[in-house]
Amino acid sequence: MIDQNQFLAQMQEILEIEDRTLSPDEKFRELPEWSSLAYLSTIAMIDDEYNVIISAADFRELQTLGDIVRAISERQ
Amino acid sequence: MTSTYNPMDLTGKVILVTGASSGIGRAIAIECSKLGATCILTARNMERLQETLASMEGEEHTIIPADLTDSAAVVSLVEQLPKLDGVSLNAGIEKMILCSYAKIREVHELFDILYFSVVDLVTQLIKRKKIRQISSLVMMSSIASDCHGLGNGFYGAAKAALSHYSLDLAKELHSKGVRFNTVRPGMIVTPLTMVDRGEDFIEKDKKRYLYGRYGEPEEVAHLAAYLLSDAAVWITGSEFTIDGGVSVR
């Protein structure tokens, strides 16, 4: 079972965001911190922490951090 | 019919091509056959090796399927080979691995295929005297061996090790007349590389190339065939970049 808050904290770490708290509604691609490194890190972190692999094609459909949480939970 | 001048003619040469089931290896096998060589094709997948064979010219080519990461399979392959005039080493995989999330098993897998399997095969070829006095070995490296793309570090490190190995071989075996050279392609359109890399990676990445596109396997095959031919007789211990100008800074 994925803990949404824990996932958001992991994303904050990847994006190196310390001055604010990310919400599930956040459209991650619109964040100035989002980058190709952030993308690769997110995919690798999800594999590492949740044992879930989200394909590039599926990931492209995801818009918000909440979408990622749902995608992980559907695949667990 | 008058004979046509062609310094890259490979008539009469016997060439082993690894990774011949797809991509660059397949293109090299086809190109060598068009230049008159007799090829021995190897890779793991018999069906795809037969597809390569179907696209080749000439009737003398043979297929010996083998998993080159399996030492026993390498010995068995080498025992079945005739004397060779050329070897084109292309077997490979690609895997994006970030340093922060590296799984040692995946790093080993990259090195097993890209580096250790080549060392194993070349050592067996030398030991069992399968390489003729005057011959040419061409290793498929990558510009990743000294460019640092995100997630490409371990792949690049394995290719750098391969490049280093090729130079060592050139030095060690020059008196036997064996030439060793390395080809370093940029991104080439093959089933191995054209996987979905996420977001708009490929569209953005292509723009870095001076020609605005990736290379085709046939374009690399021409260079490999040249290095395998007698036209390159004074070339050994060299590395050749073929990358549509992406390295130009």
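Two strands are taken to pair if DSSP finds at least two bridges between them, and strands (E, at least two residues) and helices (H or I, at least four) are DSSP runs numbered from the N terminus. The structure is a predicted model, in which local features need pLDDT of at least 70 and side-chain atom pairs count only at pLDDT 80 or more, whereas totals for chains, interfaces and linings use all residues. Residues are numbered from 1 along each chain as its sequence is written, with chains lettered from A and ligands numbered from 1 in the order in which they are written.

In chain B, strand 2 (residues 38-42) and strand 3 run parallel and are joined by 2 bridges, and B:I40 has B:T62 of strand 3 as its bridge partner. These strands belong to an open sheet of 7 strands in chain B, with parallel pairing and the order 3-2-1-4-5-6-7. Strand 3 (62-63) and strand 7 of chain B are the edge strands, each pairing on one side only. Helix 5 (residues 153-173) of chain B lies across strand 5, strand 6 and strand 7 of that chain, and runs at about 160 degrees to strand 6, where axes are lines fitted to C-alpha atoms, for helices over the stretch in contact, and angles run from 0 to 180 degrees between N-to-C directions.

Helix 7 (residues 217-228) of chain B has 12 residues, which at 1.5 Å a residue should span 16 Å, and its end C-alpha atoms are 16 Å apart, in agreement; the expected span is 1.5 Å times one less than the number of residues. Because 9 of its 12 residues are buried, helix 7 of chain B is largely enclosed by the rest of the structure. A residue is buried if 20 or more other C-beta atoms, placed from the backbone, lie within 10 Å of its own, exposed if 12 or fewer do, and partly exposed in between. The buried residues of this helix include B:P217, B:V220 and B:Y226, and their cover includes strand 1 (14-18), helix 1 (23-34) and strand 4 (84-89) of chain B.

Between the chains, 13 residues of chain A are in contact with 11 residues of chain B, contact requiring C-beta atoms, placed from the backbone, within 7 Å. Helix 2 of chain A gives the most to the side of chain A that touches chain B, with 9 residues. Within helix 2 (residues 36-50) of chain A lies A:A38, which counts as partly exposed because it has 18 C-beta neighbours inside 10 Å. Not counting residues up to four places away in sequence, A:A38 touches A:I14, A:L15 and A:E33.

Definitions and conventions: Two residues are in contact if their C-beta atoms, placed from the backbone, lie within 7 Å.
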